[in-house]
Amino acid sequence: MFTEITPRSPQTPDLLDGALDVAGAVATTITDTVQAVHRAVAATPFQLLAALPGLPEIRRTHDEIADGVYAVVRESTRQATRGARWLARQRPPPTQALSTQRDLAIGALNGAFGNHLVARGNGLAQGMAWAHHDAPLATDPATLRAALPQASGRVAVFIHGLCCTESVWQFYRDDNDGLDYPQRLRGEGWTPLLLRYNSGLRIADNGQTLSDRLTELLSAYPAPIQELALIGHSMGGLVARSAVHSATRQQAPWLACLRQVICLGSPHRGAPLEKVGWAATALLGMTPYTRPFAGLARARSAGIKDLRHGYVAPADGADADLDHQWGPPAQACERPAHVRIGFIGSVLGPRLDSALAYVVGDGLVRLDSATARQLADADVAAVSGRHHLRLLNDPQVYAQIRAWLQPQADNA
């Protein structure tokens, strides 16, 4: 975990200040890790030679000198970070426009350590907002009317996955007539809305916030919303299911117009990489020489840890120490009877029933996890020869999305 987490003032939009804060935290954490390894390595000869006369005094002197050196390094880092951040704040206010590459880098940082960024009050921590032309879109009637002059009564919300931003929905569109899913659905009479959020927070927290945002949208949207669809890729599908779960329990008004939830490559039964990550972290914690590195591994975000079992409900894993325990399986999610759910999974190889499909899936999510029909009484589809990110833009996948949405479109 990042050291010296001290809540500060609300988020600042200054990206340089946020980056310097992260750099200082990382440098301090590295210092702490090196010090812990030093202590573990030095302890062995001192323990083996404990019977030698005068050794306790020698060890005490060694520890005091070593701890003093690390304390100087730590304090120097702290002061240098404070000075650099003070200088950064003297600059003119930065512009808000972000390049796609920088945007994705910030999204990746949030996915990896997003809950720590929030705890520090770091300006790089992303809030949840609708995104329009690479900028946040306020949820008030005047702003929405100006941004969506042709708003229809059918709204499709697109939710990105871990370590991403809404720009990932543009991936591979040059391979498909230059169009992405949002653009294609716009041509079918839908109004697409893209969501940006901090994927390092707990999935249940993002689900609750999304439910709140949809309630705000319902009252401010320029036209009556007749049909609402949630389309999530990877973690985004879990966030969508979580939002429905929270809204069902709270009887949120937007559920009345929700018709379809579609999850693309979402790890409903958990993600293999996080399962392996937890096991590797547990192994690192078994010896004093590697235990400090286990502490570094445990600094990964709460959102990543939720992916171990596909947690979506607030109670999922709430009573477990997920850093040290495997954790219980995810609970069933609630949803209204009129809401359909569709799961789409893929495999790297040419055959859905091959051993490769079972073990590797799409490279990040196994097929049985992406198409876990029994978890939600879901409609299921699977495609072969596609990796995880290819689900973001593929003609066959879009055809299935359209087929699931088309009955509602025909009845509108």
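Colleague: Setting aside neighbours within four places in sequence, which residues is Leu228 in contact with?
Modeller: Bear in mind that this is a predicted model. Skip the neighbours within four places of Leu228, and what's left in contact is Val155, Val157, Leu214, Trp254, Cys257, Leu258, Arg259 and Gln260.

Colleague: OK, and which members of the largest nonpolar core touch the most other members?
Modeller: That core has 44 residues. Leu228 is one of the names to look for, and its contacts include Trp254. The members that touch the most others are Leu228, Leu230 and Trp254.

Colleague: How many residues are in the second, separate core?
Modeller: Look for Val168, Tyr181, Ile231 and Val383, which are included in it. The count for this separate core is 22 residues.

Colleague: Back to helix 6 and helix 7: is helix 6 parallel, perpendicular or oblique to helix 7?
Modeller: Two packed helices are described by the angle between their axes and the distance between the axes. Here the axes come within 7 Å and cross at roughly 60 degrees, and the crossing is right-handed. Roughly perpendicular would need 65 to 115 degrees and roughly parallel under 35, so helix 6 to helix 7 is oblique.

Colleague: Is Gln251 buried or exposed?
Modeller: Gln251 is in the loop between helix 7 and strand 6, with a positive phi of about 55 degrees although it is not a glycine. Most residues other than glycine have a negative phi. The relative accessibility of Gln251 is 71%, and the exposed class starts over 50%, so Gln251 counts as exposed.

Colleague: What is the relative accessible area of Tyr172?
Modeller: Tyr172 also has a positive phi, about 65 degrees, without being a glycine. You'll find Tyr172 in the loop between strand 3 and helix 5 (181–187). Tyr172 is partly exposed, with a relative accessible area of 27%.

Note on methods
Residues are numbered from 1 along each chain as its sequence is written. This is a predicted model: local features need pLDDT of at least 70, side-chain atom pairs count only at pLDDT 80 or more; totals for chains, interfaces and linings use all residues. Side-chain values use heavy atoms; hydrogens and water are left out. A nonpolar core is a set of buried Ala, Val, Leu, Ile, Met, Phe, Trp, Tyr and Cys residues joined through side-chain atoms within 4.5 Å. Buried means under 20% relative accessible area, exposed over 50%, partly exposed in between (1.4 Å probe, protein chains only). Contact means heavy atoms within 4.5 Å. Helices (H or I, at least four residues) and strands (E, at least two) are DSSP runs, numbered from the N terminus. Axes are lines fitted to C-alpha atoms, for helices over the stretch in contact, and angles run from 0 to 180 degrees between N-to-C directions. Angles under 35 degrees count as roughly parallel, over 145 as roughly antiparallel, 65 to 115 as roughly perpendicular and the rest as oblique. A crossing is left-handed if the near helix is turned anticlockwise from the far one by less than a right angle, and right-handed if clockwise.
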